[in-house]
Amino acid sequence: MFEQLRNSMTGGIVLLCLAGAAGAETVVIGHFGNPTPMQVAAAEGKFSEPTGWDVEWRKFASGADVIAAMASGDIKIAELGSSPMAIAATQGVDLEMFMLAQVIGSAESLIVRDGAGIEKIEDLKGKRIAVPVGSTAHFSLMGVLDHAQLGSNDVTIMSMPPDQIAAAWQQEAIDAAFIWQPVQEQILQTGKRLVGADETAAWGYPTFDAWVVSKDFAAAHKDGIIGFIQTVDAANKAYLENKAGWTADSEPVKVIATYTGADPAQVPAILEGYSFLPIAEQAKPEWLGGGIADALKSTAQFLKSAGRIDNASDDYTPFVTSEYLASAQ
């Protein structure tokens, strides 16, 4: 589970920044705190040995911050949503996607507030809808409006990060919000899900979170990138092979809750809202073997038509590689 600039992860943003140190390189890994299996590996310090890096984790605010850091060279590796990735690639930022973090499903959804008078998507006309502008959620929201044949002038789109969305919701200052977890679960207490990103994907607006890296950094740190991929994959497999065991009172869910601040009772449902693909699956033609580049192109074209970017490239294959996935298997 496309995103432009995201407060995310998807849903969803994680970064790695070379900080430099004596001995092992210090690599700072930034994240938005998405409750995913990878967080268990991060909390347990499982990334340092396979990568050869002295890993530190830091929380970042938005995809816009990620793109700026990648463009300046301060950040070398990042988890970036599909919409901001399409924008960054279109702008010529030096990056390439080397792995899927997760495919976004119902973990990002359009939630409508109780009492707002919204029963179907056509009822959104004239309503106030909050979303982190430029994020995957924003891309999905544009897909909802397009599907309902509503223009941007038919609604009031309010750009807010997740924490502000939660506060505005409590004050009844907004009627709906397209947002990810855990804020989604918070506002569902007094609202209902109208459309999920899994539905907008079926309408032609797929979204996902990608791991991207500057090409020079990757070339000089191939073993570290491979070790990183293998660690993420192992964490995902631990979940995929025993989903039923990841209950609210299970150890991995407790670790995720402690590490991210999520409510352990909500974590199992949050995890169900994403698709975590094994690396063998990711390397197939429909993903990093070709489909991702096509998806980025269609995302960029839609963002251009919506006035979010000035142009779209003809080919996004230079921004996607399956080389490291192949070596990690």
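Me: How do the axes of α4 and α14 cross?
Reply: Helix α4 (residues 82-90) and helix α14 (residues 291-305) have axes that come within 9 Å and cross at roughly 85°. That makes α4 roughly perpendicular to α14 (under 35 degrees is roughly parallel, over 145 roughly antiparallel, 65 to 115 roughly perpendicular, the rest oblique). Axes are lines fitted to C-alpha atoms, for helices over the stretch in contact, with angles from 0 to 180 degrees between N-to-C directions. Helices are DSSP runs of H or I with at least four residues, strands are E runs of at least two, and both are numbered from the N terminus.

Me: What's the caveat on the model?
Reply: It's predicted: local features need pLDDT of at least 70 and side-chain atom pairs count only at pLDDT 80 or more, while totals for chains, interfaces and linings use all residues. Residues are numbered from 1 along each chain as its sequence is written, and side-chain values use heavy atoms, leaving out hydrogens and water.

Me: Which residues meet between α4 and α14?
Reply: From α4, Ser82, Ser83, Met85, Ala86, Ile87 and Thr90 meet Leu296, Thr299, Ala300 and Leu303 of α14, where contact means heavy atoms within 4.5 Å. The residues of that contact divide into 6 nonpolar, 4 polar and no charged (Ala, Val, Leu, Ile, Met, Phe, Trp, Tyr, Cys and Pro count as nonpolar, Asp, Glu, Lys and Arg as charged, and the others, Gly among them, as polar).

Me: Switching to α6, which residues are buried there?
Reply: Pro162, Ile165, Ala166, Ala168 and Trp169. Buried is under 20% relative accessible area, exposed over 50%, partly exposed in between, using a 1.4 Å probe and protein chains only.

Me: What covers the buried residues of α6?
Reply: The cover includes β6 (108-113), β7 (128-131), β9, α7 and β10 (191-196).

Me: OK, where's the positive phi just after α6?
Reply: At glutamate 172, with phi about 60°. Glutamate 172 sits in the loop between α6 (162-170) and β9. Glutamine 149 also has a positive phi of about 60° without being a glycine, and glutamine 149 is exposed at 73% relative accessible area.

Me: And which residues does the cis peptide bond join?
Reply: Glutamine 181 and proline 182, with omega about 0°. Proline 182 is in the loop between β9 (176-180) and α7 (183-187).
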